[in-house]
Amino acid sequence: MPETRELTLGEAVREALAEEMRRDPRVFICGEDIAEAGTVYKVLNGLVEEFGAERVLDTPISEAGFTGMAVGAAMTGMRPVVDVMFGDFSTLVMDQMVNQAAKIHYMSGGKWKVPMVMRATLGATRRSAAQHSQSLHAWFCHIPGLKVVLPSTPYDAKGLMKTAIRDDNPVVFFEDKMMYRLKGPVPAEDYTIPFGVADIKRAGTDVTIVATSSMVQVALGAAKLLEQAGISAEVIDPRTVWPLDEKTLVESVKKTSRAIVVDEGYGRYGVTAEIASVIAEGAFFNLEAPVKRMGAMHVPIPFSPPLEDATVPTEQTVFEAATALCG
Amino acid sequence: MPALEMAQETGKIVSWLKQEGDAVSKGEPLLEIETDKAVVEIEATADGVLAGVKSREGDVVPVGVTIAWILAPGEQPPVESSISAPSARKVTGQPQAPSATPAPAQTIAPAEGGARISPKARRLAKERGVDINRIRGTGADGAITSEDVLAAAETPPLSAAPAQAAAALSAIARLMAERTTQSWTQVPHFYLVREVDAGALLQAREELAPAIERERGVKITHTDLLVALTARVLRKHPKMNASWAGNAIQLNPQVNMSVAMAVPDGVVGAVIPNADGAALGDIALQRRDLTERARSGRLRPADLAAGTFTISNLGMYGVDAFNAIIAPPQAASLAVGRIAERVVAVNGQPGVRPMMTVTLSGDHRVVDGAQGAVFLNDLAEAIRAPGETLRS
């Protein structure tokens, strides 16, 4: 019987990185405050002790620089993991990720590949104000050549991180900073989770709630409330928003006839828009109601706690949306 | 779908008198169409075989849309990819205008204000042949859900028996039934009754009749006189000549007198337009023409259109007085009883006078009792002095 322990999501990510670094000497990590500090969230605690400063590389505050360095390293055979402390700093890495990492394989006629992972955080409600609270993963989904991963549980985080590191293409891996202490069962043995395979986190019959990252936990909480109200909600986590498991989403909505899409990024032009469109196209003649999207409000994330809490979806707002949808 | 009136936008197929595949000859009655004014028989426009019948009885079809073909021997109906009459879809709100680029069949969202229905429910309704117009939605904001459709599919509409009974009615009888029911149930009627001395009216007829008969070849009737007098009094009472427009009162610039006429299966209101300015002889001529055509079933929709006030005279049947049902959107109607000799007070003494009872029906959304009373008073004055009024 394989051993399964309870780990936090942060521990699961660290375990995946450590196991991959042990397995493959080409894997290294670079970023700000990742070595002795172990990142601001202590996710990488202990790695520098085991693997040394050459493979757990503290960099200056220079996101564009060390991301570009990682792209070059990947092209020459290494498998770098770039640590971008806040997803908000994606602005600084965009040229390297969009015009270099995502394009090299294509523009070199397949001669070069860029097997790198960019890790970053997303998520609000940490009272970090407008420049450290955004969820900008949708930007990367828009670019052909990039894969985008959004784990919602410790189990998924470990399995998906291993797949990301072993993928020969650039992968962007977003972790919700509010989920690092979320605990869940994680097998000790080696396992991977394929990209493009959604996970039905909870089966239901009346409404499908498609949720990503920490919004999966919000959706599961809402589903419990809905159960008390006599509504059976199915919660689906795409796990990777690109590639996207369209079939599982559409099949679920064909069954339930109603859908809510919850993602912590901005609602406008966001991940919810894309997924809602996929559902509307695939399950139109099974829809009982319009597809409901829920994302962050179209405002800078406020510092004020009451205002910040009102900016993003909660169990209560998802519950209310679902009951309204079910009439 | 032919246009039978200037403002007609749709027509309802009342019945097909010929069936698909029947041979028809030009001029033969083909089908009956109902506009909002009348039921009209449509004749075949050519010899041939009736084919490609797209619209069924009860369908409301925009003017200009093909409802069937008459084929010469060897011809086939044209293959149409998307053009089709919006069959079975009841027209609500603004009717669809005939369009050069017809919308694809069956994929049109309901008109704004129409039933809200989910895509799933719409698909199920189509698959199971359920008429969504008879479903009350139970979903959010009253939307029709798939459950509503499935429930409706299990409770079929009322059996065919009443429908057959309705089909047994003639078109005009059915139209009368619909219109009077609509008026009686929706228009808040009130009535004002007034007895008038008809002596001067009788006298006026005797005086005016010979000249008009000589010059115009028509005998004037009491009804002609009352039409002329009432029309002239209406000029001073525009609200009595108004229409109820759903949420507003619309004053009508013309006084078009509608005269109730018996036809074999019911009653219709034939219109004498601009009667307030028409000479008595002209009114009599028009009234005679309309009466004759009404009796022979040859009234045209235009004969029944745009009346603004109705006079109904049952005096010739010996009726003393009665209450008329208003013909919406008209605001009022005058019911005229017989002229009978009665003992009444004349200058403080019992005297025998030719008396007549007129009853005004009013739509209380447009007019009220006081306004109606003033109008009736003016009308009574006009009947007491017809010559003066006719010269006005």
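A:Leu47 is buried, because its relative accessible area is 3% and buried means under 20%. The model is a predicted one.

Stay with this leucine for a moment. A:Leu47 sits in helix α2 of chain A, which covers residues 47–51. What is A:Leu47 in contact with, once its neighbours within four places in sequence are left aside? The partners are A:Arg14, A:Leu17, A:Ala18, A:Ile29, A:Gly52 and A:Val56. Take A:Ile29 from that list. A:Ile29 and A:Leu47 are 18 residues apart in sequence. In space, their C-alpha atoms are 9.5 Å apart.

Now turn to chain B. Chain B has 392 residues, and 42% of them are buried. Its secondary structure comes to nine helices and 15 strands. How do the contacts in chain B run along the sequence? Consider those between residues at least 6 apart in sequence. Of these contacts, 60% join residues at least 24 apart. The accessible surface of chain B is about 20500 Å². Carbon and sulfur atoms account for 53% of that surface.

Next comes the place where the chains meet. The size of an interface is often given as the accessible area lost when the parts come together. Chain B and chain A bury about 710 Å² between them. Carbon and sulfur atoms hold 50% of this buried area. Which residues of chain B lose the most area to chain A? They are B:Pro119, B:Lys120 and B:Arg123. Together these three make up 61% of what the chain B side buries. Counted by residues, the contact takes ten from chain B and ten from chain A.

What polar links join the two chains? Six residue pairs are in polar contact between chain B and chain A, with both residues at pLDDT 80 or more. The count of salt bridges between chain B and chain A is zero.

Look at the helices on the chain B side. Both α1 (119–128) and α2 (146–154) of chain B supply at least two residues of the side that touches chain A. The largest share comes from α1(B), with four residues. By type, the residues on this side of chain B divide into three nonpolar, four polar and three charged.

In chain A, A:Leu47 is a buried residue of helix α2. In chain B, α1(B) gives the largest share of the side that touches chain A.

Notes
Residues are numbered from 1 along each chain as its sequence is written. Chains are lettered from A and ligands numbered from 1 in the order in which they are written. This is a predicted model: local features need pLDDT of at least 70, side-chain atom pairs count only at pLDDT 80 or more; totals for chains, interfaces and linings use all residues. Side-chain values use heavy atoms; hydrogens and water are left out. Contact means heavy atoms within 4.5 Å. Buried area is the accessible area (1.4 Å probe) that two parts lose on being put together, summed over both. A salt bridge is a side-chain nitrogen of Lys or Arg within 4 Å of a carboxyl oxygen of Asp or Glu. A polar contact is a pair of N or O atoms within 3.5 Å; within protein, one must be able to donate a hydrogen and the other to accept it, and residues adjacent in sequence count only if both atoms are side-chain atoms. Ala, Val, Leu, Ile, Met, Phe, Trp, Tyr, Cys and Pro count as nonpolar, Asp, Glu, Lys and Arg as charged, and the others, Gly among them, as polar. Buried means under 20% relative accessible area, exposed over 50%, partly exposed in between (1.4 Å probe, protein chains only). Accessible areas come from the Shrake-Rupley method with a 1.4 Å probe; for residues, only the protein chains shown count as cover.
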